[in-house]
Amino acid sequence: EDGSQQCEQALAKAMRQLMTPAVLQSQLETSCATDLNRAKAPYANCRAAADPRACLEERLGSSDANADLLFDPSCKNHIHATAKAWLEEPATMPGFTKGCDIEVKSLCSRDVGFTSGGLSEGMATYLCLQEHVGTGELESKECTALVTRLQSLEGQFVHSSHLIMDACTAELEHHCPNVPDGQYRTLVCLLTNLKSTSKRAAEDPGEVEPFTQGCADQLKRFTKPGSRFAVIEGAVGTGGKAGARTGKSGTRGAADK
């Protein structure tokens, strides 16, 4: 176990050294030149934004059905890859270490429960801080904004989240196999089916298997009171647009893991 922890720490250190702000900016300029300069509304010139990368993330997460088509594939892949790296090791996100230093030391250093289950220290820290978003316990607006941005990226690009992919493998395969990642589509598909299968399992326990508890717990992180994603649960209950985005859904749910 000690060897594994040392390896994990070494990898995290290597990631931080590789993903410096200068390197990230250079990669953004190379991969997203076309999209940074796009002037046509509603994707107007992200290069002029205070944070060009955050501007592109917002555009890519837009509810506009054409957003994916408008983005250069290399830019979309770069944003996906960066999101995955940040979720695995938040310290590689520019400003995170300084912006959340007080909160990590005061709220997460003794949070032993978050270091179990094979989570990396970085993912455990992210989960810990996310738990405190909306409770008023995060002392700085900067840290709140950084954690909210990480959660937004995780919700947009579920396939970049080890937390959800590891917990919901069977559910994704059964309920959302044809749903393309991005624009919160996969998250909405999973939440929609979580709600519907839970209801049917309660009505007919012998016929329908609910989502595994591990998967349900990961998804419910996005619908807690105060979460910016609580609105998604409201959309799930309407049977409107959110329902139209789901993949196939059979009678039986994912098998227990």
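Start by selecting Val147, which sits in helix H10, residues 141–156. Helices here are DSSP runs of H or I with at least four residues, strands are runs of E with at least two, and both are numbered from the N terminus. Before you go on: this is a predicted model, so local features need pLDDT of at least 70 and side-chain atom pairs count only at pLDDT 80 or more, while totals for chains, interfaces and linings use all residues. Residues are numbered from 1 along each chain as its sequence is written, and side-chain values use heavy atoms, with hydrogens and water left out.

Is Val147 buried or exposed? Its relative accessible area is 1%, so Val147 is buried (buried means under 20%, exposed over 50%, partly exposed in between, with a 1.4 Å probe and protein chains only).

Now show what Val147 touches: leaving out residues up to four places away in sequence, you get Cys100, Tyr126, Leu129, Gln130 and Val133. Contact here means heavy atoms within 4.5 Å.

Next stop, Gln183. Look in the loop between helix H12 (169–175) and helix H13 (185–203). Gln183 counts as buried because its relative accessibility is 3%.

Finally, zoom out to the whole protein chain. You'll find 16 helices and 0 strands, and buried residues make up 44% of the 257 residues.
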